[in-house]
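Good morning, and thank you for coming. Please look at the sequence and the structure now on the screen, and keep both in view while I speak.

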Amino acid sequence: MIRMTIDRRELADFLRRSRERVSPRDAGLAEGSRRRTPGLRREEVAQLAGMSTDYYTRLEQARGPQPSPQILAALARALRLSDDERDHLHLLAGHRPPAVRSRDDEVGASLLHLLDRLPGTAAQVLSDLGDVLAQNDLARALLGGVCTVSEHGRNVVWRWFADPAARAAYPADEHAHYSRLHVADLRAAVGRRAGDPAAARLVERLRGASEEFAALWELHEVAVRRHSRMRVLHPVIGPLDLDCQVLLAPEGNQRLVLLTPPPGTDAADRLALLPAAGQERLVG
């Protein structure tokens, strides 16, 4: 684990630069007169953040103590920092940025548009906890559509451990490998979401539903899933080897999963038959 330490020089510079970018009017203060420097004065930032001017001055002079997350949150509000700037402030001060507050089940319009522009690639969007949030047509034909299922029914980790039918699409000799991958990836997500009720609820239900999950959870293995080669056993087109690439969103709470045919194989030709095969099955 990376040990985080305060960078007093960079923190001081960032505070000063940020203070100079905020006008008194933007901060709801009277502009007054005889301002020798642009932006806010040190005492004004201290007032807005609810701290002493001496304490804030020492921070800007790179000689203050390490500020707490509560102090940093107050400074971020006083300096009108964006989310990215707020996270940068926390990192400079030697703290992890605050947990992401955006809704995990909302997929942006641009990402949904991208899914529809990948006709030859099975693509889906998952939350970091494993909820399937969106799929393109090829992903639904290959893996089955579960986006409309509520709560844990659309969660790939829950289905893997609580629904034996979910494993039928993968070779039996690889089940133990995938079990450890699912648990290690979920462990990483739960660690990032410290105190999140949804994460705690999912883990509690999994531990109660699956002895296998409970045993693997106790190992405390951590690994974010990014890329791998996987074999899917499809009932119509048969076994299919695919490259799985996982692209993480900057916030870390969603990921785009792409399943692509490996170069030099016939997987692309067989995958192209899948939508038509799926339609025939529905009709039949």
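This is a predicted model: local features need pLDDT of at least 70, side-chain atom pairs count only at pLDDT 80 or more; totals for chains, interfaces and linings use all residues.

**Helix packing and aromatic pairs**

The axes of helices α9 and α11 come within 10 Å of each other and cross at roughly 60°. Axes here are lines fitted to C-alpha atoms, for helices over the stretch in contact, and angles run from 0 to 180 degrees between N-to-C directions. α9 and α11 are therefore oblique to each other; angles under 35 degrees count as roughly parallel, over 145 as roughly antiparallel, 65 to 115 as roughly perpendicular and the rest as oblique. The crossing of α9 past α11 is right-handed. A crossing is called left-handed if the near helix is turned anticlockwise from the far one by less than a right angle, and right-handed if clockwise. On the α9 side the contact is made by Ser179, Arg180, Val183, Leu186, Arg187 and Val190, and on the α11 side by Glu212, Phe213, Leu216 and Trp217. Contact means heavy atoms within 4.5 Å.

Residues are numbered from 1 along each chain as its sequence is written, and side-chain values use heavy atoms, with hydrogens and water left out.

How many helices and strands does the chain have? There are 13 helices and five strands. Helices (H or I, at least four residues) and strands (E, at least two) are DSSP runs, numbered from the N terminus. Of the 284 residues in the chain, 41% are buried. Buried means under 20% relative accessible area, exposed means over 50%, and partly exposed lies in between (1.4 Å probe, protein chains only). Among contacts between residues at least 6 apart in sequence, 54% join residues at least 24 apart.

Let us turn to the aromatic rings. A pair of aromatic rings is described by the distance of the centres and the angle of the planes. Rings of Phe, Tyr and Trp (its six-membered ring) pair if their centres lie within 6.5 Å; planes under 30 degrees apart count as stacked, over 60 as edge-to-face and the rest as tilted. By this rule the count comes to five aromatic pairs. One of them joins Trp160 and Tyr170, edge-to-face, at 5.7 Å centre to centre and with 65° between the planes. Trp160 lies in helix α8 (residues 156-162) and Tyr170 in the loop between α8 and α9 (175-192), so this pair ties together parts that are 10 residues apart in sequence. Is Trp160 buried or exposed? Trp160 is buried, at 4% relative accessible area, and Tyr170 also counts as buried, at 17%.

A second example is Phe161 with Phe213: the ring centres are 5.4 Å apart and the planes stand at 75°, so the pair is edge-to-face. Phe161 belongs to helix α8 and Phe213 to helix α11 (residues 211-219), and the pair links distant parts of the chain, 52 residues apart. Phe161 is buried at 9% relative accessibility, and Phe213 is buried at 0%.

The charged end of Arg187 sits over the ring of Trp217, 3.9 Å from its centre. Arg205 lies over the face of Trp158, at 4.3 Å from the ring centre. A charge sits over a ring if NZ of Lys or CZ of Arg is within 6 Å of the ring centre and within 35 degrees of the ring normal.

I now move to helix α2. Helix α2 (residues 42-49) and helix α4 (residues 69-78) pack at an angle of about 120°, with their axes 8 Å apart. α2 passes α4 in a right-handed crossing, where Val45, Leu48 and Ala49 of α2 meet Ala74, Leu75 and Ala78 of α4. Within α2, Glu44, Val45, Ala46 and Ala49 are buried. The buried residues of α2 pack against α1 (8-21), α3 and α4.

Finally, a word on the backbone. Most residues other than glycine have a negative phi. Ala62, although not a glycine, has a positive phi of about 60°; Ala62 is found in the loop between α3 (53-60) and α4. Arg80 is not a glycine either, and its phi is positive at about 55°. Arg80 is found in the loop between α4 and α5 (83-92), and counts as exposed at 53% relative accessibility.
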